[in-house]
Amino acid sequence: MAKVKSILSEAAQIQLATELIELDARLQVLESETQLSRERLLKLYKEIKKKSPPKGMLPFSTDWFMTWQPNTHSSLFVNIYNVLIKSSDIEDIEAVIKAYRLYLEQISQLGLPEVLSLTRAWRLVKFFDAGMLTTAPCKTCCGNFVVHTYELVNDYVCGLCNMPSRAGKTRQTAAQKFFNEEAGLEH
Ligand SMILES: [Zn+2]
């Protein structure tokens, strides 16, 4: 029985790894979220992607999530993720995958470019878990946006309401439409 159980668990791990690889996750994500050996993960990666995984370290800084466009996309992802986590008892990594797929759907519907990678999304959740990042409500549009925990303020205004001039108005309207719909989903 123990053997059957371990085979089943291994099958589940391979399925999880496959799903992550298909979403372009970096090797570090796979190593952290499965118990499969590095060798097996490498083999699986090559089999699916027909190439070796990219080398190099994962981004460790929270600063990327604060710049204008990444912040909008990260906030969008986190809003979806939080709704999923609150409304079901799925594993964190499953919620990351599910939320990431929904994020991809949303931006494709809105005609926005894919700014947040799965690896970044995963990293973002880790930063939230570590208490380094959190969300703050914008006092103008009431959307929730990613902020540094130490930067929490009462009258926060988001990047969409306080836009840099280089960003287009169409994009603003599209993104704001999304946040309004998301907000509706939570009530
Ligand atoms: Zn706002």
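Predicted model: local features only at pLDDT ≥ 70, side-chain atom pairs only at ≥ 80, totals over all residues.
The crossing of helix α4 with helix α5 is right-handed.

Helix α4 covers residues 68-87, and its axis comes within 9 Å of that of α5, with a crossing angle of roughly 130 degrees. Oblique means neither roughly parallel, under 35 degrees, nor roughly antiparallel, over 145, nor roughly perpendicular, 65 to 115; α4 and α5 are therefore oblique to each other. On the α4 side, the contact is made by H73, L76, F77, I80, Y81, L84 and I85. On the α5 side there are D92, A95, V96, K98, A99, Y100, L102, Y103, Q106 and I107. By class, that contact has 13 nonpolar residues, 2 polar and 2 charged.

Next, α5 against α6. Helix α5 runs over residues 92-110 and helix α6 over residues 118-129. Their axes lie 10 Å apart, at an angle of about 130 degrees, and α5 and α6 are therefore oblique to each other. The crossing in which α5 passes α6 is right-handed. From α5, the residues involved are D92, I93, V96 and Y100, and they meet L118, A121, W122, V125 and D129 of α6. Here the class count is 7 nonpolar, no polar and 2 charged.

Which residues of α4 meet α6? They are S74, F77, V78 and Y81, and their partners in α6 are A121, L124, V125 and F128.

Now the metal. Which atoms coordinate the zinc ion? The SG atoms of C138, C141, C158 and C161 do, at 2.3 Å. The angles among the 4 donor atoms are 106 to 113 degrees, and the site is tetrahedral. Along the chain, the donors are spaced as C-x2-C-x16-C-x2-C. The pair C141 and C161 links distant parts of the chain, 20 residues apart. C141 sits in the loop between β1, residues 133-137, and β2, residues 144-148. C161 sits in the loop between β2 and α7, where α7 is residues 169-186.

Methods:
Residues numbered from 1 in each chain as written. Heavy atoms only, no water. Axes fitted to C-alpha atoms, helices over the stretch in contact; angles between N-to-C directions. Helix = DSSP H or I, 4+ residues; strand = E, 2+ residues; numbered from the N terminus. Left-handed = near helix turned anticlockwise from the far one by under 90°. Contact = heavy atoms within 4.5 Å. Nonpolar A, V, L, I, M, F, W, Y, C, P; charged D, E, K, R; others polar. Donors = N, O, S within 2.8 Å, 3.2 Å for Na, K, Ca; no water. Tetrahedral: all angles 85-135°; square planar, octahedral: opposite > 155°, others 65-115°.
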